[in-house]
Each structure stands twice: as C-alpha cells, then as structure tokens.
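This briefing is meant for a reader who is meeting the structure for the first time. It goes through a few selected places, one topic after another.

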Amino acid sequence: MSTPHTHDRFAPSEEFSAHAIAGPELYEEAAADRLGFWADQARELVSWSTPFTSVLDWSNPPFARWFHDGELNVAYNCLDRHVAAGRGERIALHWEGEPGDSRSISYAELTEEVCRTANLLTALGVGQGDRVAIYLPMIPEAIVSMLAVARIGAVHSVVFGGFSADSLRSRIDDAGAKLVITADGGWRKGKVTPLKPAVDQALAARGGAGPQETVEHVLVVNRGDNVIDWVPGRDLWWHDEVPVMDAEHHPAGFPAENPLFILYTSGTTGKPKGILHTSGGYLTQAAFTHRTVFDLHPEQDVYWCTADIGWITGHSYVVYGPLANGATQVIYEGTPESPAPGRWWDIIEKYRVTTFYTAPTAVRSFMKQGREIPLARDLSSLRLLGSVGEPINPEAWRWFREIVGAGTTPIVDTWWQTETGAIMVSALPGVTTLKPGSAQTPIPGIDIDIVDEAGAPLPNGQSGLLVVTEPWPSMLRGIWNDPERFVETYWARFGDRYVAGDGARRDEDGDVWLLGRVDDVMNVSGHRLSTAEIESALVAHEFTAEAAVIGADDETTGQAVVAFVIIKSSQLEHAHQVADVAAVLRRHVGEQIGAIARPRDIYVVEELPKTRSGKIMRRLLRDVAEGREVGDTTSLADTAVMQTISSRLRH
Ligand code: WTA
C-alpha cells in the first residue's frame with residue numbers, strides 16, 4: 001500500500017451534520033454501557049414477538065448467545081411491519097436487468113411474493129432448520145427466496161453464481177440442502193450465462209460411495225429463456241408454483257439464535273468454511289450499521305449497494321440491513337460495462353441514487369476508463385459514498401470523492417468480514433473527520449485492538465494483528481459442521497479475543513489503517529480466495545505434480561492469483577503436445593472452483609523454492625511475480641532454484 005497521507009482531512013459539512021442520523025453521543029452511550037447500548041438498538045430497530053430479557057450469554061466462549069430468550073421473525077421485520085405501519089406503497093426494490101428491463105417492487109408487493117414463496121417452501125416439506133441452497137443471478141427472486149427461507153425459520157446457503165458445479169456440489173453436501181433455488185441463467189456481458197446446467201451437473205455427480213442425496217427439489221426461475229434440461233418430479237418452475245400459492249402467511253416467531261444462514265468463505269485450507277449466522281443479533285447489527293453508517297433517511301434516500309447476494313455484503317447491505325430499515329434501494333443484475341462503460345452512472349442518474357456503496361476495485365477500474373464517463377452523467381443526487389472489500393488507496397478515495405461525489409460527499413470506508421456479519425470499523429458520516437485510506441474508528445459498541453504476535457496490545461504507529469476484544473451481536477456463531485475449526489481458526493491463539501486475520505496499525509490519532517491479510521487468504525477484486533484451495537484444484541489435474549499459488553499486487557484487482565506449477569515427469573510428453581498448458585490449467589481451475597479463481601498467470605517451473613523443512617517460500621515467488629529483485633534466499637534448501645525460476649520468467 002502507498003504511504004498514508006495522514007495530513008489529508010475532510011471535516012463533515014455543517015449541513016450534513018445537521019441532518020445526520022448518527023451523533024457523537026452514540027460513542028459515549030456505548031462506552032458507558034456496551035450491552036445496554038446493544039439492547040437499546042435491538043429494541044428500537046427490531047420487532048420482537050417475544051421480548052428478550054437476556055442480552056449476552058458469554059458463559060461458554062467463544063460460543064455466544066445474544067438476546068437468546070427473545071423471539072422474532074426476520075422476514076416480518078424486513079417486510080410486514082413496514083406495510084402494517086402504512087408504508088406498503090414505498091418502493092423496496094428498483095430492479096434493473098442487464099438488457100434494460102426493470103421492475104419497481106413496493107414493500108406490499110414484496111411481502112406478498114415472499115408469503116407465496118414461503119407457502120410453497122412449506123408445501124415442499126421445507127421447515128425450520130432445513131437448509132436451502134440459492135444459486136441465482138441478481139434478480140428480485142433472489143431476495144424473495146432468501147426472505148421466504150428466513151420467514152419459515154429455515155437456513156439459506158447462497159452460492160455465488162460464478163462458482164462452478166463442483167463448488168456448488170460441495171456446498172450443497174456440507175449443508176445437506178433439501179432444496180436448490182436457481183434460474184436458467186442470468187444476464188452478464190450481453191448474454192445469458194447459464195446456471196441450471198451447473199445445478200444439473202452438481203446433482204448428477206453423486207457417486208455411489210458418497211453420502212445420500214439430500215436435494216429433493218430444484219425450483220427454477222425463468223430469467224433468460226434459455227433451453228435447459230428438465231428432471232420431471234425433481235424440477236419445478238417458479239412461475240408455475242409461486243403465483244398459485246396463498247398470499248397470506250403467518251410469520252411465526254423463532255428464537256433469536258435460530259440459524260438464519262450459512263455462507264461459505266475461503267480460509268487458509270483447501271476447504272471453504274460454512275460461516276453460520278443467526279437471527280436476532282445479526283439483524284440488530286446489520287440494521288444499526290446500515291442506518292448509522294449510511295445515514296439512512298428512508299423517506300428520501302435511494303440506496304444502492306453493488307454487491308452480489310452471493311457475498312456477505314449482499315446479505316447484510318442488500319437484503320437484511322436495508323429492508324429491516326425500510327429503505328428504497330436499487331439492485332442491478334449485470335456488469336458495469338454492459339452494454340457500454342458508464343452503465344452504473346446511468347443507473348444512478350435514472351433512479352436518483354443518493355447513497356452508493358461499492359468496492360475499491362470498481363473505483364480503480366473506473367479511474368482507468370477515465371473521468372469523462374462519470375462526468376457526462378448527472379450524479380448530483382449522490383450525497384454519500386461507501387467502500388468495502390479491501391483497503392481503498394488514497395488516490396482512489398480522492399478520485400471517488402472528486403469525480404463521483406462532486407468533491408463534497410463523505411466516503412465511509414467500512415472494514416468487516418463474512419465472519420463479523422456487519423460493519424465493525426468505519427467512519428460515521430456527519431460525525432467523523434474523514435481521512436482517505438483509513439477505515440478509522442470502531443463503530444459504537446465494538447471493541448477492537450491491535451496486538452503483537454504474543455497478544456500484547458501495541459501503541460499507535462506499530463503494525464500488528466487486528467483482534468476484536470468483546471463479543472458483538474452479529475458475530476459468527478460457528479463454522480457449520482465444524483466447531484473445532486471455529487475455535488482453532490479464530491480464538492485458539494489469544495483465548496477469548498477474535499483474530500480477524502488482518503494486519504493493521506493505528507496512526508498518531510488512533511485511526512485504524514488496514515494492511516491486508518496476514519494469512520494465506522488472497523483478496524482479488526474484494527473477493528476472498530484461498531491459496532490452498534486453488535493449489536489443490538491445480539494438483540487435481542493430471543498434469544500437475546506440485547503447485548504454489550500467491551496473491552501478487554495488481555493495479556486494478558488489488559491482488560491477482562499467480563500460480564507456479566511443476567508438471568509430473570510422466571506427463572511431460574503429454575503436456576508438450578498441448579499448445580498452451582497454462583490455458584488448460586486455468587480452465588481447469590475455473591471448472592473446479594469458478595471463474596473468479598482462475599489464475600491471472602500460470603508459470604510452469606521445474607522446482608519450487610523450499611526451506612530445508614520443505615515449506616514453500618511464497619515470499620520469494622511473490623518477488624518474482626511482482627517483478628522485484630528476489631529477496632533473501634539463504635534459508636532455501638537449494639539456493640539456485642530462484643535463479644532458475646527468475647531467469648525462466650524473464651524469457
Ligand atoms: C478485507 C467482506 C480493508 C479484509 C465484507 C477482510 C477490508 C476481508 C475492508 C473480508 C476494508 C474488507 N479495508 N480491508 N474496508 N473490507 N476487507 O469476508 O482483509 O469477503 O478480512 O467480507 O476483506 O472479506 P469478506
């Protein structure tokens with residue numbers, strides 16, 4: 001990361017502060033009584049069918065229970081209560097399809113559609129605690145599906161549409177999903193990218209020796225009129241089944257700790273982790289942060305978060321936070337360049353978007369395309385910008401504010417993770433004096449620290465590990481099927497402090513600067529990828545003897561996947577016949593994991609740099625991939641290896 005420009009400061013305008021939802025007193029209230037503060041938020045922002053009396057049960061760390069004797073229905077909170085309060089006509093979703101079709105759906109209409117779908121799920125035998133896999137493009141049915149699952153107390157597992165059949169299969173199996181909701185395909189870059197074939201392939205891949213198939217039905221939305229295969233009895237069309245269902249559905253209350261969803265994310269091993277979130281605490285923090293960090297005035301604002309529902313940002317800041325708060329929001333199906341660069345700005349202009357939440361990688365690619373494109377649109381409705389996914393470099397921050405935000409909008413840089421469920425560190429607009437590149441301050445009610453390897457707190461100015469020192473309402477409750485891995489990954493190191501896996505430093509004012517991952521997790525375009533997972537995909541190919549994957553700095557995507565592979569000697573001849581071994585392996589990774597994991601570069605090498613104990617020295621590979629002078633090689637078992645690799649790559 002470039003050197004922080006700590007001299008740059010942007011104080012909130014008086015006008016913004018005068019109408020801001022958040023005020024400095026929030027920090028004081030939370031500091032005076034942290035649990036009382038969260039209890040207040042839970043009572044104010046969430047409707048409970050049975051009020052809670054217990055705020056936090058931390059008697060068995062790290063297994064937390066928040067508001068556990070309370071009961072609620074998450075979907076009721078996102079839908080019915082707004083209708084009951086006379087706001088049924090308010091638009092919940094302005095949906096924009098990539099080919100230019102669009103639908104505006106009111107809270108009353110969304111409630112009805114979710115009720116019908118909930119009735120269908122029940123008719124299909126899905127009940128409380130059952131798992132439903134959702135593999136959909138960004139269409140309204142994706143949100144309807146999530147809320148319908150939540151409404152009946154079942155658990156959704158959304159799988160990003162860019163993941164392959166293999167990835168889908170392993171997620172379906174790990175969760176034991178009973179139902180899969182998918183579409184024929186979704187619009188991307190001017191054509192319909194198929195989804196249903198991946199579901200068919202995943203479900204056909206059930207080997208004789210594997211566990212029993214858990215999936216009973218596949219519910220299919222017709223989005224793109226693609227021709228698809230059909231399994232009678234198993235497959236059902238959404239448009240046949242949902243509209244004929246009753247539009248009334250009673251939202252039963254479920255315990256606050258009823259599981260709400262599982263979301264798989266990459267860790268340091270080859271196997272993705274099923275991060276488990278529950279209901280009451282999650283909804284409380286999602287709603288609180290959405291309201292205060294995005295300064296939500298639901299009667300006036302038009303909010304747009306560009307994340308796909310396949311990621312945590314889509315869960316917390318497209319579905320649960322905004323809808324719990326009764327917001328009007330935009331969702332968009334396609335890519336920013338379809339049909340031409342500038343599509344996002346067209347959407348902002350069309351819907352008069354006020355609040356825009358996106359990722360630094362998108363900002364950097366817009367910078368590359370040139371300022372003329374956004375400047376040619378009327379973006380004057382924007383009043384607040386947000387960033388998530390990776391540190392936003394100060395250059396991109398300034399460009400974002402100058403060009404998109406007319407030099408006046410605040411930018412909130414929000415640090416959080418799939419595991420934290422909701423925003424943890426961020427400025428509060430109208431309160432915080434902004435500093436480009438820094439995520440700044442833990443939100444009220446959140447306690448973090450920066451510690452050294454031994455867990456000792458570090459003074460300002462020193463870099464260390466980011467830990468969360470107190471349990472928080474939207475914290476993960478575990479890893480699905482793997483309580484040991486949960487303890488081992490996040491807690492074993494420092495007892496009851498949560499280790500985020502990010503490096504960080506506080507500056508002289510105490511503002512937090514994130515420094516990237518400290519483990520073998522890469523961040524490519526704001527998406528988490530595991531080096532180990534891609535390595536195991538590579539070695540699963542018949543050509544590969546060994547593979548090492550690293551995240552190399554990349555100007556647009558933050559990091560890029562770079563792989564070094566050794567071809568098996570028995571396969572050398574075969575590999576030689578293939579014109580482009582790298583292309584074959586890249587495609588293979590796409591099939592095994594998904595297109596997002598395909599390495600940018602694959603280098604075929606004869607050896608990998610290893611220590612005497614056999615550990616691959618990724619640091620040296622990173623030097624090579626980033627075009628630097630190779631660092632200290634004295635701990636290598638064979639010091640000549642790096643010379644061979646570097647000289648090869650230069651040719
Ligand atoms: C990184 C996304 C710096 C970080 C919500 C974290 C960030 C990982 C920021 C989580 C930010 C996310 N500044 N780094 N504002 N936001 N990260 O689970 O490394 O997909 O650990 O959640 O993204 O990625 P995840």
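**Val-539 and its surroundings**

Once neighbours within four places in sequence are set aside, the residues in contact with Val-539 are Thr-544, Ala-545, Glu-546 and Ala-547. The model is a predicted one, and Val-539 belongs to its helix α18, which covers residues 531-539. With a relative accessibility of 37%, Val-539 counts as partly exposed.

**Positions marked in the record**

- An unreviewed UniProt entry places the feature "binding site" at Val-539 and His-541, and this annotation comes from the record.
- His-541 is found in the loop between α18 and β28, the latter spanning 544-554.
- The relative accessible area of His-541 is 12%, and because buried means under 20%, His-541 is classed as buried.
- Apart from neighbours within four places in sequence, His-541 is in contact with Lys-568, Val-584, Leu-585 and His-588.
- A polar atom of the His-541 side chain also lies 3.0 Å from the backbone nitrogen of Phe-543.

**The ligand and the residues around it**

- The ligand is surrounded by 17 residues, of which the closest are Asp-413, Thr-414, Thr-418, Asp-502 and Arg-528.
- Sorted by class, the shell around the ligand holds six nonpolar, six polar and five charged residues.
- Thr-418 places a polar side-chain atom 2.5 Å from an oxygen atom of the ligand, while a polar side-chain atom of Arg-517 is 2.8 Å from an oxygen atom of the ligand.
- A polar backbone atom of Gly-389, in turn, lies 3.1 Å from a nitrogen atom of the ligand.
- On its own the ligand has 530 Å² of accessible area, and the protein covers 96% of that area.
- Two or more residues of the shell around the ligand come from each of the elements α12 (312-324), β20 (411-414) and β25 (512-517).

**Ser-530 in strand β27**

- Ser-530 is part of strand β27, which runs over residues 527-530.
- The relative accessible area of Ser-530 is 0%, and Ser-530 is therefore buried.
- Not counting residues up to four places away in sequence, Ser-530 touches Ser-266, Gly-267, Thr-268 and Thr-269, and also Asp-520 and Met-522.
- The side chain of Ser-530 has a polar atom that lies 2.9 Å from the backbone nitrogen of Glu-533.

Note on methods:
Residues numbered from 1 in each chain as written. Predicted model: local features only at pLDDT ≥ 70, side-chain atom pairs only at ≥ 80, totals over all residues. Heavy atoms only, no water. Near = heavy atom within 4 Å. Polar contact = N/O pair within 3.5 Å; in protein donor to acceptor, adjacent residues only side chain to side chain. Areas by Shrake-Rupley, 256 points an atom, 1.4 Å probe, with all protein chains shown as cover. Helix = DSSP H or I, 4+ residues; strand = E, 2+ residues; numbered from the N terminus. Nonpolar A, V, L, I, M, F, W, Y, C, P; charged D, E, K, R; others polar. Buried < 20%, exposed > 50% of the residue type's maximum accessible area, 1.4 Å probe, protein only. Contact = heavy atoms within 4.5 Å. UniProt positions renumbered as here; feature names shortened; annotations may be inferred.
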